[in-house]
Amino acid sequence: MSGTHSHTVAFVRDTMLPEQDPPASEVGAIGWARHNLFSSWFNAILTIASLAAIYFVLAAIVPWILSPTWDGTSLSNCRETLAAAGHGDAHGACWGVIKERWIQLIFGFYPSHLYWRPIAAFVLLGAALAPVLFSDRVPSKMLIFSALYPFIFPWLLWGGTIWMPIAALAGFVIGGLVYKFAAEALSTLLGVILGVAAALVWWLLLAAPVSGALDGILPIGIEAVESRKFGGFMLSVTIGVVAIACSLPIGIVLALGRQSDLMIVKYICVGFIEFIRGVPLITLLFVASTLLNIFMPPGTNFDIILRVLIMVTLFASAYMAEVIRGGLAALPRGQYEGADSLGLDYWQAQRLIIMPQALKISIPGIVSTFIGVFKDTTLVSIIGLLDPLGLSNAIRADSNWNGIVWELYGFIALLFFVFCFSMSRYSMYLERKLQTGHR
C-alpha cells in the first residue's frame with residue numbers, strides 16, 4: 001500500500017543451521033550407560049545391585065586367584081606361604097598342584113618320551129580340519145590329507161605297525177569299489193548293502209591277518225602304547241574328536257533313513273534313535289565296559305577305549321539325527337519339487353540341494369550337540385578311565401595334595417571352556433558366512 005514500508009517475511013527457512021555436536025549425555029560411554037543401564041529407575045536399581053554383586057564376587061575370587069603359591073610342594077606348604085604373605089590360612093589357591101601335575105592332567109600316564117606323538121596328532125588335526133572348516137581360505141587339495149587323517153590319528157596315538165591303518169583304509173576302498181560295480185549292475189540300494197558288507201568282512205575277518213602277514217614281511221611301525229596309559233585331557237579330546245567326526249555322517253544317514261519310504265529301513269532307524277535317546281549315556285558306557293565282551297567271540301580282546309568310542313559315537317549319532325531331521329523338516333516343500341523338476345535322482349537331490357540347506361539351518365543344533373558330547377566325555381571316569389576328573393581324584397589321594405579341590409576343577413574347567421567356547425564362536429562365524437535362513 002502507498003505510504004507504508006514493504007516488509008519481506010519468510011515463513012520457510014532458506015539457510016541451513018550449522019551442525020552442532022550431540023549432547024555429551026547421548027553419545028559415548030555416558031550415552032550407552034544412560035540408554036542401557038540407567039534408562040529407568042528400575043534398571044538403575046538393577047544395575048547398581050548387579051555391580052555390587054560383581055564387586056563382592058571379584059573381591060573374594062581375585063585375591064584367591066592371585067595367590068603366590070606356584071612353588072608350593074604340598075597343601076601345608078602352600079598354607080605356610082599364604083600365612084607368610086599375609087593371606088591367612090584359607091584365603092588363597094594352592095597353585096603348586098597345577099605346576100606339578102599339569103602335564104599329567106593333559107597326557108595322563110602316556111610315556112613322557114612319546115609326548116611328541118599326541119602333540120603331532122593334534123597339530124595335524126588342525127591341518128586336517130582347516131580345509132573343512134575354512135574351505136574358502138585353504139586349498140581344496142588339502143582335503144586329500146583330511147581324508148587320510150582318520151587313519152594317521154590312531155596310529156600316532158596307539159602306535160604299532162603301519163600296516164593296520166593301511167588295512168583299515170583298504171576296507172573303505174574295497175567297499176567303495178563293490179558299491180560302484182553293484183550299483184551299476186543291480187541297484188543303488190543293493191550296491192550300498194553289498195559295499196557295507198564287503199567292508200565289514202574285510203575289517204572283521206581279513207584286515208588283521210593281512211596286516212600281520214605284511215608286518216612279518218616288511219616290519220614298519222612305531223612303539224605301541226597300551227590304552228590303560230591314556231588319560232587326562234588327551235583322552236577327553238580323543239573321545240570327543242572321534243565321536244564328533246563320526247556322529248555327523250552317521251546322524252545324516254539315520255535322519256534320511258527315518259524319512260525313507262522303505263519301511264524296514266525307516267523302522268530300523270526309528271528304533272535305533274528312540275532306543276539310544278531313551279537310555280542315559282552312563283548306561284551305555286557301563287555296557288561298553290562290562291557287557292560288550294560277552295557278545296564277542298571267546299578270546300577277543302576288545303580295547304576298552306574303542307568300546308567307549310563306539311558307544312559315545314552311537315549316542316551322539318542319535319541326537320545328531322534328530323537335529324538334522326529338524327533341518328530337513330524346516331525346508332519348504334518347493335525345494336524337493338524343484339529337485340524333481342531338474343530331473344535329479346534321490347541322492348543327487350540330497351547332495352546338491354536338500355542336505356546343504358538342511359545343514360545350514362541345523363548349525364546351532366549341530367554345534368550344541370558337539371559341545372554336549374565333548375563335555376560328556378568326563379563320564380568315562382565312572383568306568384575307570386582316567387580322564388581329567390578321574391586324574392583329579394587320583395591327585396587328591398596323594399597325601400601332599402589331600403584337600404585340594406577348586407584348583408584342580410578350575411584348571412579342568414578352563415581347558416573345557418576354551419574348547420567349547422571355540423566351537424561356539426566358530427558356529428557363529430559359519431552362520432554369518434553362510435547367511436543361514438530364508439530370504
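Student: Where in the chain is confidence lowest, and where is it highest?

Tutor: This is a predicted model, and confidence is lowest in helix α1 (residues 28–36), with a mean of 77. It is highest in helix α4 (residues 96–107), at 92. The chain averages a pLDDT of 85, and 91% of the residues score at least 70.

Student: Okay, now threonine 238. Why is threonine 238 called buried?

Tutor: Buried means under 20% relative accessible area. Threonine 238 has 1%, so it counts as buried. You'll find threonine 238 in helix α9 (residues 232–258).

Student: What is threonine 238 in contact with, if we skip its neighbours within four places in sequence?

Tutor: Threonine 238 touches Phe122, Phe153, Leu157, Trp158 and Leu309.

Student: And what makes the pair formed by methionine 234 and threonine 238 a polar contact?

Tutor: Check the distance: a polar atom of the threonine 238 side chain lies 2.7 Å from the backbone oxygen of methionine 234.

Student: Let's move to helix α3 (residues 75–84). Which residues there are buried?

Tutor: Leu75, Cys78 and Leu82 are buried in α3.

Student: How do you know that they sit on the same side of α3?

Tutor: They cover an arc of only 55° around the axis, so they end up on the same side of α3.

Note on methods:
Residues are numbered from 1 along each chain as its sequence is written. This is a predicted model: local features need pLDDT of at least 70, side-chain atom pairs count only at pLDDT 80 or more; totals for chains, interfaces and linings use all residues. Side-chain values use heavy atoms; hydrogens and water are left out. Helices (H or I, at least four residues) and strands (E, at least two) are DSSP runs, numbered from the N terminus. Buried means under 20% relative accessible area, exposed over 50%, partly exposed in between (1.4 Å probe, protein chains only). A polar contact is a pair of N or O atoms within 3.5 Å; within protein, one must be able to donate a hydrogen and the other to accept it, and residues adjacent in sequence count only if both atoms are side-chain atoms. Contact means heavy atoms within 4.5 Å. The arc is that of the directions from the helix axis to the C-beta atoms. pLDDT is the predictor's confidence in each residue, from 0 to 100.
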